[in-house]
Amino acid sequence: MDIIFGRNKKEQPEPVRAKVTGKIPTWLQGTLLRNGPGMHTVGETRYNHWFDGLALLHGFTIRDGEVYYRSKYLRSDTYSANIEANRIVVSEFGTMAYPDPCKNIFSKAFSYLSHTIPDFTDNCLINIMKCGEDFYATTETNYIRKINPQTLETLEKVDYRKYVAVNLATSHPHYDEAGNILNMGTSIVDKGKTKYVIFKIPATVPEDKKKGKSPWKHTEVFCSIPSRSLLSPSYYHSFGVTENYAIFLELPLKLDILKMATAYIRGVSWASCLSFHREDKTYIHIIDQRTRKPLPTKFYTDAMVVFHHVNAYEEDGCILFDVIAYEDDSLYRLFYLANLNQDFEENSRLTSVPTLRRFAVPLHVDKNAEVGSNLIKVASTTATAVKDKDGQVYCQPESLYEGLELPRINYAHNGKPYRYIFSAEVQWSPIPTKIIKYDVLTKSSLKWGEECCWPAEPLFVPAPGAEDEDDGVILSAIVSTDPQKPPFLLILDAKSFTELARASVDVEMHLDLHGLFIPAANGATRTQPPAEEQRDRASHGHQAPQT
């Protein structure tokens, strides 16, 4: 596993032409931009956790059937400080760093005080966010970094705290049809309260307010939800939306603020202040986007850990939402670099398996409903919501599939009824070995896999003028552990899951986390693919579903 996780990767700032085999659809023009950890050691020092590594951006530019690859380390303040010192001097979530040991006791005392409410890292290694015409590398702290999507150059740093009171924010925002951003963050002990804040960033600034002002200055708090505990807020990685509601899961995976305030002086990482409370519940908060207030009914389910929401939608007075759920927090622990060693296979068997679960939540709870009665009448799911004696509602999910992670959908169906999930299949290991298309309607699947190949999160790109939900292609960056097989960009037909093309590059490519596809301006003008391509797509047909 060291070949994938432990080794630093060289950046490739100048574009390299890929060797293309197969045929790339002529309508596919643009750049697949991805983000993930690429440097795990600085000088003689080493990060403890894979998610701590320094951000390495990379992109595949597809133009007229040709593909060009480039990669570049994010020049964050964190990166610059570490490289200049030739050791890790900025703390990450799983790695606590310390100043020059030669500094005097007063410097050490001051450094300790500054870490009680830490100024978090700007090592934005998780995702890419679009805001208006601009693009930002993101992580889960209050910092994001603007980037040039063509050159991968690092631009200015944005601090969420200047516009909204959050110390942490997700890397999985939602976008409406106008491109406005809805995101969530945690405000820790602000004015004596700890709360979860949903905030909205406009894609554009109103004409009468432009005068050089950025959309950030028009960020507004959409809704605030008090944390159940002042000093132990829930960790969360994403949230869900429907056309009229937002869904937030308050997990029993909690960050102990008091422990965090003393972590630096105790010589432990912030990650050690995060703990899973198996005896606790998971609370389901449903926020009405029209009133900007949570529904009054308290909904809950069993203790679980969720990193990724898949999708959510409204049906017959209910909200149905799909998530990838774990029984505990063992996945995060497995990604400590010490566990990604020769014992990895054995360690991975001890990890909770990610399961696709569908929950159903009633929007209106009849006060006269009997205790113990199921409030879900939707025929499309076996998920239940049972009224208990306290008037709260216990939600029991339907388990759809074991072994999915990094889910993506056709984003035109975000918040709406949908059918297909494009995902990595992981089964008994957290490392993806296949790409899967899962049909939530028929509960069947199609898969792509190849020996010694480790696929990244698959991303769906719709064909111009597409009418079917799965009319388009899947893009995934594939890392190989076979020295004879270079890494490549895989392009699959999303309907049949057959390979259309691959673009191999002779570079050191890293396993990434998340990203997005940026259509080329000149490639977005055509509304229909040529007739020849339509015939090609029709001739692929459907593979027999695999289960």
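Biologist: I clicked on threonine 170, so what does its side chain make a polar contact with?
Modeller: With the side chain of asparagine 183, at 2.6 Å. Do keep in mind that this is a predicted model.

Biologist: Thanks! Where does threonine 170 lie?
Modeller: It lies in a loop, the one between strand 12 (168-169) and strand 13 (174-175).

Biologist: And is threonine 170 buried or exposed?
Modeller: Threonine 170 has 3% relative accessibility, so it counts as buried. The cut-off for buried is under 20%.

Biologist: Which residues is threonine 170 in contact with, leaving aside neighbours within four places in sequence?
Modeller: Thr139, Asn183, Met184, Tyr236, His237 and Phe239.

Biologist: Let me switch to annotations. Where does UniProt place the feature "binding site"?
Modeller: The UniProt entry, which is unreviewed, puts it at His172, His237, His308 and His514. These residues are spread over 343 residues of sequence, yet they cluster in space, with a largest C-alpha distance of 12.5 Å.

Biologist: Which of these residues does the lining of the largest cavity include?
Modeller: His237 is included in that lining.

Biologist: OK, tell me about histidine 237. Where does it lie?
Modeller: Histidine 237 is in the loop between strand 16 (220-226) and strand 17 (240-241).

Biologist: Why does histidine 237 count as buried?
Modeller: Because its relative accessibility is 7%, and buried means under 20%.

Biologist: Which side chain is joined to that of histidine 237 by a polar contact?
Modeller: The side chain of glutamate 140, at 2.5 Å. Leaving aside neighbours within four places in sequence, histidine 237 is in contact with Ile126, Glu140, Thr170, Ser171, His172, Phe307, His308 and His514. Among them are His172, His308 and His514, which UniProt also lists under "binding site".

Biologist: Then histidine 308 next. Which strand is it in?
Modeller: Histidine 308 sits in strand 24 (residues 305-315). It counts as buried because its relative accessibility is 8%.

Biologist: What does histidine 308 touch, not counting residues up to four places away in sequence?
Modeller: His172, His237, Ser238, Val323, Ile324, Glu405, Leu406, Pro407 and His514. With histidine 172 there is a polar contact too, joining the two side chains at 3.5 Å.

Biologist: Changing topic to pockets: what volume does the second largest pocket have?
Modeller: About 980 Å³.

Biologist: How many residues line the second largest pocket, and which lie nearest its centre?
Modeller: The lining has 47 residues, and Phe51, Glu140, Tyr235, His237 and Tyr332 are the ones nearest the centre.

Biologist: Which helix gives the most to that lining?
Modeller: Helix 6 does, with 3 residues. Strand 12, strand 19 (253-255), strand 24, helix 6 (330-334) and strand 30 each supply at least two.

Biologist: You mentioned strand 30. How many bridges join strand 30 to strand 31?
Modeller: There are 3 bridges between strand 30 (residues 404-408) and strand 31, and the two run antiparallel. For example, arginine 408 has phenylalanine 422 of strand 31 as its bridge partner.

Biologist: And how do strand 31 and strand 32 pair, parallel or antiparallel?
Modeller: Antiparallel, over 6 bridges, with strand 32 covering residues 434-439. Alanine 424 has isoleucine 435 in strand 32 as its bridge partner.

Biologist: Last one: how many residues of strand 31 are buried?
Modeller: In strand 31 (residues 420-425), 6 of its 6 residues are buried.

Key:
Residues numbered from 1 in each chain as written. Predicted model: local features only at pLDDT ≥ 70, side-chain atom pairs only at ≥ 80, totals over all residues. Heavy atoms only, no water. Buried < 20%, exposed > 50% of the residue type's maximum accessible area, 1.4 Å probe, protein only. Helix = DSSP H or I, 4+ residues; strand = E, 2+ residues; numbered from the N terminus. Pairing = 2+ DSSP bridges. Polar contact = N/O pair within 3.5 Å; in protein donor to acceptor, adjacent residues only side chain to side chain. Contact = heavy atoms within 4.5 Å. UniProt positions renumbered as here; feature names shortened; annotations may be inferred. 1 Å grid on protein atoms, 1.4 Å probe; cavity = no way out; pocket = protein on both sides within 12 Å on 5 of 7 lines; lining within 4 Å. Points joined across faces, edges and corners; volume = space filled by probe spheres on them.
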